[in-house]
Amino acid sequence: GMKKLPNYTCQDLSNTAMAFAKPNINAREFLKALAAEAARKIWSFEAREVSNITWSLNIMGPGLIDEQWLEPALKHFRTLVRVDFDQGKRHDGDFEGWEMVQLLNAAWAYRSGLSEWPVLAQTFRERIYGPVVRALAGIVGRGPMFQASALIPPAPLATGASMEPAEAEAPRLYNAGPVTSAALAAALCSPPILEPLQQAREDAQNIIAKLQVDFLGPVFTRSALRDLGFLDPGDSRALDPFDPRAEQAPGSPPWGDHARGAVEDALARLKADLPFMWFDRFGPHERRVQCWMAYRMEVEVPLGAGPWRSHLAEDGRIADFSLDEHRAMCQHGQETFARLEAKGSGKVHFSLQDVKRAQQWLHGLFAQHDRAGHCERQALLELTLEVVDTLRSFQHQHIGDAQAVEKCLSEGFFDGSLGVVVRGHLRLFVCHFYCISCLAAISNFARRFPEVTLHMDYDDCWQTRLLDV
């Protein structure tokens, strides 16, 4: 108990705080004593220990930490992450991005009284938030110098660097022994040019791997959605999270409130139907997170006699986690195909190959582990396959014009460049904030369906505790 706290190491204190926070064990007196002991030893903490204990105490509610507790914690964290280093001289292990993301989200409500906040927030914006959002914007197709707002600083140029393209330096070959002319020729060849969307995805994956970021947190995810153009204009919570004077406005758009109620009902049924607890009982376990979706779509195929149109509508349904793409490669798509076929009472026009192709269209990112099964991505996959089903039905009804949509169905771009254009709007609500991988999947969808307006909303289940079983 509390008598042993003075003997706790920094790691003991951090781990204990997380052990109480995750299952929501609100032992206030013990946690207050733990916070006080951590404050005395804060200068000996490692960066991840500062981040973890701050996050843990913050989600347990007010009264455990305040500006007086956070000020030395942030000051010590700043020395650990070396916020003043030259970007070109950064060494692996200086800090991992998730540590700063987690800490700044936890300290955000107290930012106006923290002297260390401006420097850390600026560093986060320049080194993590900006590169991540620019990478996602590259997937959407906004270009490398995308700046949706002042929140995203321009990509830094080296001192004296010019905006003019420099001539590529000829590669130098170093040979330690005999080598064939074919090998020398291969070494001189430039790498193959990637298709723009594939290149954007690879660039984003490299950034995420380098920064070790798997989420932007409950505060900064909303501003990222706004900067990417995925936020409802009626959402009054869209503020500048880097401004210490900005006040968090209450209230989500009306459809968001409706979606919350639908998700709560779905989760109540899920918990009631669980025969036993076969995975983690507390917090945002990916298999319990649920996504609500609603949409109005028009699919148009240009024909010589005039365009053919079909309409898709959904007022609200739930999408769940799927294990489909976590199985062996040869089995990918089978579970999704069987599930959607059963939902359609066996009346689907798309094939298993169409499912596998659509899964490739909506790639996320590998962020610490594979997140292909997340419910947000599954919602987008279901909608994409509904569009594919409509076009396959068109092919069956208009055999003479079947080839008019085949290229679109092969490549997966529904912007009119391959004939087919899909217009409309899509609303997504998820009961826990979007991870980086799901933001990338959403960006992929936006690239392939640019005429569809996307509006996103979410909650933080560490605050709502909606996913606890």
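**Close-up A. Asp 66 caps the N-terminal end of helix 4.** A side-chain oxygen of Asp 66 sits 3.2 Å from the backbone nitrogen of Gln 68. That counts as a polar contact, meaning a pair of N or O atoms within 3.5 Å; within protein, one must be able to donate a hydrogen and the other to accept it, and residues adjacent in sequence count only if both atoms are side-chain atoms. A word on the model here: it is predicted, so local features need pLDDT of at least 70 and side-chain atom pairs count only at pLDDT 80 or more, while totals for chains, interfaces and linings use all residues. Residues are numbered from 1 along each chain as its sequence is written, and side-chain values use heavy atoms, with hydrogens and water left out.

**Close-up B. Helix 4 and what covers its buried residues.** Helix 4 takes in residues 67-81, 15 residues in total. Helices (H or I, at least four residues) and strands (E, at least two) are DSSP runs, numbered from the N terminus. From first C-alpha to last, helix 4 reaches 20 Å, close to the 21 Å expected at 1.5 Å a residue; the expected span is 1.5 Å times one less than the number of residues. Trp 69, Leu 70, Glu 71, Ala 73, Leu 74, His 76, Phe 77 and Val 81 are buried. Buried means under 20% relative accessible area, exposed over 50%, and partly exposed in between (1.4 Å probe, protein chains only). Their cover includes helix 2 (28-41), helix 3 (47-59), helix 5 (97-107) and helix 6 (117-140), going by contact, which means heavy atoms within 4.5 Å.

**Close-up C. Strand 1 with its two antiparallel partners, strand 2 and strand 3.** Strand 1 (residues 291-301) is mostly covered, with 10 of its 11 residues buried. Strand 2 (residues 308-319) pairs with strand 1 over 10 bridges, and 10 bridges also join strand 1 to strand 3 (residues 421-430). Two strands pair if DSSP finds at least two bridges between them. On the strand 2 side, Trp 292 has Ile 318 as its bridge partner, and Met 293 stands opposite Arg 317. On the strand 3 side, Glu 298 is partnered by Arg 423.

**Close-up D. The turn between strand 1 and strand 2.** These two strands make a hairpin with 6 residues between them, and Gly 306 in the turn has a positive phi of about 120°. Gly 304 belongs to this loop too, and it is exposed at 89% relative accessibility. Asp 401 is 97 residues from Gly 304 in sequence, yet their C-alpha atoms are 9.7 Å apart in space.

**Close-up E. Thr 336, a buried residue in helix 11.** Helix 11 runs over residues 334-343, and Thr 336 has a relative accessible area of 1%. Its side chain makes a polar contact of 2.5 Å with the side chain of Asp 324. Leaving out residues up to four places away in sequence, Thr 336 touches Ser 322, Asp 324, Val 355, Gln 359, Gln 378, Leu 381 and Leu 385.

Close-up F. Ser 345 is exposed, at 61% relative accessible area.

Close-up G. Glu 37 is buried at 5% relative accessible area, whereas Arg 40 is exposed at 59%. A search of the whole structure turns up 29 salt bridges.

**Close-up H. Arg 260 and Asp 459 meet in a salt bridge of 3.0 Å, N to O.** Arg 260 lies in helix 10 (residues 254-273) and Asp 459 in the loop between strand 4 (452-458) and helix 16 (461-464), so the pair ties together parts that are 199 residues apart in sequence. Both Arg 260 and Asp 459 are buried. They belong to a salt-bridge network that also links Arg 222, Asp 235, Arg 237, Asp 257 and Asp 457.

Methods. A salt bridge is a side-chain nitrogen of Lys or Arg within 4 Å of a carboxyl oxygen of Asp or Glu.
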